[in-house]
Amino acid sequence: MAKVIFYKRYLYIVDRLKSAPSNFKDLHKLVMTKLANEDLSTNFEFSARTFDRDKKDILDLFGILIQYNRKDKVYYIDEDVEDPSVSRMIEAFSIHQALKEGSKIAPSIYLESRKASGTTLINGILYAIQNNFEISFTHTKFWSMEITQRTVKPIAIKESQHRWYLIAQDNKNGSIKNFGFDRITDLKISADKFKPIVFDMDKNYQHAFGIETYEPVQRIVLSFTWQQGNYIKSFPLHSSQKVVHDTEEELLIELYMHPTNDLIMELLKYGDQVEVYEPSTLRKAVKIRIEEMIKIYN
């Protein structure tokens, strides 16, 4: 129970300071009220000394630095320095707690029923990555249903479109490839170790939409209707997204990305709410897909 109190306390502190700066008095009231509501405050006191330890633990566990503004006498978190993986971890914990609370009364949160397969491989692959162990597995290509045996040097795990991928160096030719978890079976972790592979994930995937990078990076200009534009502004397609102009008729944005199949499929999702202005090659590729769809329904 003590460990549960610790993690819940960390979560409450981070949630509060992410939303607004706070002094210790307000933090103390929030934490004690939350724990009391969950019957976890028995024989527990949240003191200033406890908070000092919590700040260190939060930094060690999540990489989140809680800072102090001497002028206003409040604590705060600089959102710009937060690791995305940390945000996802906290989000998952928050949802878990909300689901527990909701189940006590009535269903209030409805989760997406679609689930990606292969997520059970995460722990094993992560262990191999951290210890530099080669792994072998059976891989099935969905496009051609070609089945091959692979031995690779795992580098990293990447998420894309609610699917998980292994980024690894293929022993067959030394190239860096991605393998969808849902296409991997018979995973085996070898005792053979390898020297760490230098591969900059951020650099190699900074212009990717999804997992594909086979096309050169290009400037992409898209025109959205003003209605759909509101969604695109609130949830950008890519980190490179910039607004060229925003009017009552349209939202024009530019991005610097690999114009791959992943991106084309995403654009088709918006139907007549988006038009590709540049580059002409991407515009043509989208047009061809639309024409092929029309043939199906004629």
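Q: Before any labels get handed out, what makes a residue buried, partly exposed or exposed?
A: Buried means under 20% relative accessible area, exposed means over 50%, and partly exposed is in between. Keep in mind that this is a predicted model.

Q: Why is R9 called buried?
A: R9 has 2% relative accessibility, so R9 counts as buried, the cut-off being under 20%.

Q: And why does D54 count as buried?
A: Because the relative accessibility of D54 is 1%, and the label needs a value under 20%.

Q: How do you know that D54 and R9 form a salt bridge?
A: The closest N and O atoms of D54 and R9 are 2.6 Å apart. The limit is a Lys or Arg side-chain nitrogen within 4 Å of an Asp or Glu carboxyl oxygen, so the pair qualifies. As background, side chains of opposite charge can pair when their charged atoms come close.

Q: What makes this pair a link between distant parts of the chain?
A: D54 sits in helix α3 (residues 48-62) and R9 in helix α1, 45 residues apart.

Q: What makes F6, Y7 and L61 a patch?
A: Nonpolar side chains are joined within 5 Å, and each member needs over 30% relative accessible area and no salt bridge. F6, Y7 and L61 form such a nonpolar patch on the surface, with about 280 Å² of accessible area together.

Q: How many salt bridges does the structure hold?
A: The structure holds 13 salt bridges. Among them is K153 with E134, the closest N and O atoms being 3.4 Å apart, against a limit of 4 Å.

Q: Why does the K153 and E134 pair tie together parts of the chain?
A: K153 lies in strand β4 (residues 147-160) and E134 in strand β3 (residues 133-140), so the pair ties together parts that are 19 residues apart in sequence. K153 is buried, and so is E134.

Q: What makes β3 mostly covered?
A: In β3, 7 of its 8 residues are buried.

Q: How do you know that β3 pairs with β4 and with β7?
A: Two strands pair if there are at least two bridges between them. β3 and β4 run antiparallel and are joined by 6 bridges, with I135 opposite V152 in β4. β3 and β7 pair in the antiparallel sense over 5 bridges, and T138 has T185 in β7 as its bridge partner. β3 and β4 also form a hairpin with 6 residues between them, where M145 in the turn has a positive phi of about 60°.

Q: Why is R163 partly exposed, and why is D182 buried?
A: R163 counts as partly exposed because its relative accessibility is 35%. D182 has a relative accessible area of 17%, so D182 is buried; the cut-off is under 20%.

Q: What makes R163 and D182 a salt bridge?
A: Their closest N and O atoms are 2.3 Å apart, and the limit is 4 Å. R163 is in strand β5 (residues 163-170), and D182 is in the loop between β6 (176-180) and β7 (184-193). Leaving aside neighbours within four places in sequence, R163 is in contact with A116, K158 and D182.

Q: Why is D170 called buried?
A: D170 lies in strand β5 and is buried because its relative accessible area is 3%. Not counting residues up to four places away, D170 touches R150, T151, V152, S175, K177 and F179. Salt bridges that share partners join R150, D170 and K177 into one network.

Q: Which strands make up the open sheet, and in what order?
A: The order is β9-β10-β8-β11, with antiparallel pairing. β9 (242-246) and β11 (274-278) are the edge strands: each pairs on one side only. The twist averages 25° from one strand to the next.

Q: How do you know that β8 and β10 pair?
A: Strand β8 (residues 218-225) and strand β10 (residues 250-257) share 8 bridges in the antiparallel sense, where at least two are needed. T225 stands opposite E250 in β10.

Q: Which helix packs on this sheet and touches β8 and β11?
A: Helix α9 (residues 280-297) does, with its direction at about 145° to that of β11.

Technical notes: Residues are numbered from 1 along each chain as its sequence is written. This is a predicted model: local features need pLDDT of at least 70, side-chain atom pairs count only at pLDDT 80 or more; totals for chains, interfaces and linings use all residues. Side-chain values use heavy atoms; hydrogens and water are left out. Helices (H or I, at least four residues) and strands (E, at least two) are DSSP runs, numbered from the N terminus. Axes are lines fitted to C-alpha atoms, for helices over the stretch in contact, and angles run from 0 to 180 degrees between N-to-C directions. Contact means heavy atoms within 4.5 Å. Patches are made of residues with over 30% relative accessible area and no salt bridge: like charges are joined within 9 Å, nonpolar side chains (Val, Leu, Ile, Met, Phe, Trp, Tyr) within 5 Å. Accessible areas come from the Shrake-Rupley method with a 1.4 Å probe; for residues, only the protein chains shown count as cover. Buried means under 20% relative accessible area, exposed over 50%, partly exposed in between (1.4 Å probe, protein chains only).
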